[in-house]
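Trainee: I want to check the labels against their cut-offs. Can we go through them one by one?

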Amino acid sequence: MGRGWRLWGVAKRVGGGAWGGLDRCDCSATAGQKAGKMAASWRLGCDLPMLRCLLGFGGGRGLGLVKGAPFGRGAGWRGLHSTQWMRADPIKILMPSLSPTMEEGNIVKWLKKEGEAVSAGDALCEIETDKAVVTLDSSEDGILAKIVVEEGSKNIRLGSLIGLLVEEGGDWKHVEIPKDIGPPPTTAKPSVPPPSPEPQISAPVKKEHTPGKLQFRLSPAARNILEKHALDASQGTATGPRGIFTKEDALKLVQLKQMGKITESRPTPAPPIAPTAPLPSQATAGPSYPRPMIPPVSTPGQPNAVGTFTEIPASNIRRVIAKRLTESKSTVPHAYATADCDVGAVLKVRQNLVKDDIKVSVNDFIIKAAAVTLKQMPSVNVSWDGEGPKQLPFIDISVAVATDKGLITPIIKDAAAKGIQEIADSVKALSKKARDGKLLPEEYQGGSFSISNLGMFGIDEFTAVINPPQACILAVGRFRPVLKLTQDEEGNDKLQQHQLITVTMSSDGRVVDDELATRFLESFKANLENPILLA
C-alpha cells in the first residue's frame, strides 16, 4: 500500500475537516504507525486542495485554507500550521424581536466579555424592549468573539448585528465582521456636512442682524400694532409664554410713546445686495421680526433663560405607551359606566385572614371578583382584532403596575381558578419583577381584561384607557367611609357607616355595549360585596 495508503489517510482527514482522519482510516494502527503515516503524508509535498481535487473528496470547509496558495511542501506546511484553517464563518447575534410591538431595542448591559466561553442557555446581554428589560440567551455553544454594538447603545433596529460567536477552539481574536451586515443605526448626533464655502459679501449684509439686539417672537396683533406706530419690540419686555411679545406688551409701548418716554424706532432695511451665491438665510424674505420654529434650548448647568425648555429623553417604554394610548383613544370608541361597591364584608374577611397570618389586599379581592364575573359573563371576555369580536377561552387579568419607566401590565393567568392567597402571591411577585425590569415577555403579553387601581394614591375615582386588543379596563378608586341611612330589623331608620369604593369600567362600544357593561358591573358588585361567592 505504501504511499497510496498514506494519501488515502490525508484525504480522509481533509474530507472530515478534523485531525482524527487517520484514526478513522485505520483504528487498529498503533500510535507509532499513525505518526509514521502522518509524517509520510507531509512528505508528499502536495497542497490539500489539490488532494481533494485528485481524489474527488468535497467538504473540508472548516479548514479555511486560502485559495490560490502555491503548491509545494512549504506552502502546505504553512497552510496547515497557520490559524487560517481554523477559521469558520462566525455565528451572528442579531437584535431579536422580544415583544409583538417591539421595533427597536437598547443594549443595557453585556453579561459576557469578548473571548469568554458561552454555552447554550447562557445569558449574553440585557436588552431594553418597549415593555421591559429582557435577558438575551445564547442558543449556541462557542466563544463570544466580537461585541459589535456596545452596551448603552439605543434604538437598535430589529435584525441588526450586535455580536459574533465562533465555535469552540476557533480563532476569536481575528474574526471579521460580515460585509453583508451593515452597521446598526445609533442615536449619535447626525454628522453635519461640512459647510460650503461662503462667498465673500460686503459689510452692509453683516449689519442686517445687530449683535446684542433682542429677537422676539411676536403675536400677530402685536406685530400689527408695532408696525402701525413705528415701534420696536426691543424697546419693551415680552411677558407672554415662552418669551412671546403679546398684544398687551405692544399696547404698553404705545402708551409710553404717547407719554413721550420713548421715540419711534423703525428698523431700516438693509440695501439689497446681490451676492455671488445666495445664502440660506436670504432664500426667502422674512418678516420684520422673524419667528423661530421652536424656542431656544436651555444649556445644561446654567439657569434657564426666558423662553427655553429642557428636553427629557424618552425610553422605549414611554414612546410605546404614548403611541398605544393615542391609538386607543383615537380608534376605540370608549364607553364608561360607574358603580359604588360596599367593601365592608371584604374588609372583615381580610381581618380574619390576617389573624391566620395570611396577608391579602383589597385589590386581590377585586381581581378575583372580576375573574369570577367574567366566567359568569363570557360575552364580556372578548377582544377586537380589527375585523370583529373574538371570544377568548381564557380569563387572564392584566394588573397595571407603575414603574420608573412607565406603566406595565403583568398578567395573572387563569385568575378565576386561583384562590385569593395565590392571586396575592402572584401579584407581589410580578409587581416586584416589573419594577426591577425583569418581566419575561410571556408575563406581560396577552390578557383578556385589565384592572388599574389608584386607590393607594388617594384617588376617589378616575377613568382608564382601554389596552387594545382587550375590550375592557376597570378603574378602581380608594375605599372611603360614607354615612348612609338604613333601616334596622324593626324598620327604624338609622345612620350607618359603609366602606365604599367607586369603580369605573371603560368598554369598547363595538363589542361591549352599555347594557352589557351595566349588567357586568351589577354582577361584579354582587360578587365583591359577598366574598362567599368568590370561593
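**Labels and cut-offs**

Mentor: The protein has 13 helices and 21 strands. Both are DSSP runs, numbered from the N terminus: helices are H or I over at least four residues, strands are E over at least two. This is a predicted model, where local features need pLDDT of at least 70, side-chain atom pairs count only at pLDDT 80 or more, and totals for chains, interfaces and linings use all residues. Residues are numbered from 1 along each chain as its sequence is written, and side-chain values use heavy atoms, with hydrogens and water left out.

Trainee: Why is Phe449 called buried?

Mentor: Buried means under 20% relative accessible area, exposed means over 50%, and partly exposed is in between, with a 1.4 Å probe and protein chains only. Phe449 has a relative accessible area of 0%, so Phe449 is buried. Phe520 is also at 0%, and therefore counts as buried. Across the protein, buried residues make up 38% of the 535 residues.

Trainee: What makes Leu251 partly exposed?

Mentor: Its relative accessibility is 38%. That value falls between the 20% and 50% limits. Leu251 lies in helix α8, residues 247-258.

Trainee: Why is the pair of Phe449 and Phe520 called tilted?

Mentor: Rings of Phe, Tyr and Trp (its six-membered ring) pair if their centres lie within 6.5 Å; planes under 30 degrees apart are stacked, over 60 edge-to-face, and the rest tilted. The structure holds one aromatic pair. Phe449 and Phe520 sit 5.6 Å centre to centre, with 40° between the planes, so the pair is tilted.

Trainee: What does that pair tie together?

Mentor: Phe449 lies in strand β18 and Phe520 in helix α13 (residues 514-529), so the pair ties together parts 71 residues apart in sequence.

Trainee: How do you know that β18 and β19 pair?

Mentor: Two strands pair if DSSP finds at least two bridges between them. Four bridges join β18 (residues 449-453) to β19, and the two run parallel. Asn453 stands opposite Val476 in β19.

Trainee: Which way does β19 pair with β21?

Mentor: In the antiparallel sense, over five bridges; β21 spans residues 493-508. There, Ser506 is the bridge partner of Ile473.

Trainee: What makes β19 mostly covered?

Mentor: Five of its five residues, 472-476, are buried. Cys472, Leu474 and Val476 point one way, Ile473 and Ala475 the other.

Trainee: Why is α7 called roughly parallel to α8?

Mentor: Axes are lines fitted to C-alpha atoms, for helices over the stretch in contact, and angles run from 0 to 180 degrees between N-to-C directions. The axes of α7 (residues 220-228) and α8 come within 7 Å and cross at roughly 20°. Angles under 35 degrees count as roughly parallel, over 145 as roughly antiparallel, 65 to 115 as roughly perpendicular and the rest as oblique. So α7 is roughly parallel to α8.

Trainee: Which residues meet where α7 and α8 are in contact?

Mentor: Contact means heavy atoms within 4.5 Å. Ala221, Ala222, Ile225 and Leu226 in α7 meet Lys247, Ala250, Leu251, Leu253 and Val254 in α8. The C-alpha atoms of Leu251 and Ala221 are separated by 10.0 Å.
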